[in-house]
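Hello,

Here is the structure you will be taking over. Please look through it first; my notes on what was found follow below.

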Amino acid sequence: GEHQPTTLYPYWETSLKDLNTFGISVRMYFDMLLIVASFLFLAGLLNLSLNIYYWNYSGESKEGVPFMLKSSAICNQYEWVECESCNDEYQDYFPAYRLDGQNVLKTACNFEDWLFAGIQS
């Protein structure tokens, strides 16, 4: 056969319309990829203010928390409180590791002073 010189498509200069040469399915794939990437980028920007807030909220209580979870609303402060009926009739409502026979492990974080950005500001 004949050998014709070929050129690759330039990475940054190829438009979505140029992908029509590969068929409509390839263009639809990259169109959808662009839409999903744009949506996820926008969602990340909207969530950035909450990440900054939770990163700074109660920093001393987040010792031992993995780096990727430090900007989440994780609460790792617990205390044992007395609960007589938690081990009997309400035992199905609590995981086994939160019960010790007389007490139940309860979250000790104060959720009332949390700021819900966008709802209360």
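**Contacts of S71**

Leaving aside its neighbours within four places in sequence, S71 is in contact with L50, N51, Y54 and W55. Please keep in mind that this is a predicted model. S71 sits in the loop that runs between α1 and β1, the latter covering residues 78-82. With a relative accessible area of 18%, S71 counts as buried, because the cut-off for buried is under 20%.

**The salt bridge**

The count of salt bridges comes to one. This salt bridge joins the side chains of D31 and R27, at 3.6 Å from N to O. Side chains of opposite charge can pair when their charged atoms come close. Both residues belong to helix α1, which spans residues 24-56, and they are four residues apart there, so about one helical turn separates them.

**The nonpolar patch**

Which residues make the nonpolar surface patch? They are M32, I35, V36, F39 and L40, and the patch has an area of about 520 Å². One of these residues, M32, lies in helix α1. M32 has a relative accessible area of 48% and is therefore partly exposed. That value also meets the requirement for patch residues, because they need over 30% relative accessible area.

That is what I have to hand over.

Regards

Notes
Residues numbered from 1 in each chain as written. Predicted model: local features only at pLDDT ≥ 70, side-chain atom pairs only at ≥ 80, totals over all residues. Heavy atoms only, no water. Salt bridge = Lys/Arg side-chain N within 4 Å of Asp/Glu carboxyl O. Helix = DSSP H or I, 4+ residues; strand = E, 2+ residues; numbered from the N terminus. Patch = residues over 30% accessible without salt bridge, like charges linked within 9 Å, V, L, I, M, F, W, Y side chains within 5 Å. Areas by Shrake-Rupley, 256 points an atom, 1.4 Å probe, with all protein chains shown as cover. Buried < 20%, exposed > 50% of the residue type's maximum accessible area, 1.4 Å probe, protein only. Contact = heavy atoms within 4.5 Å.
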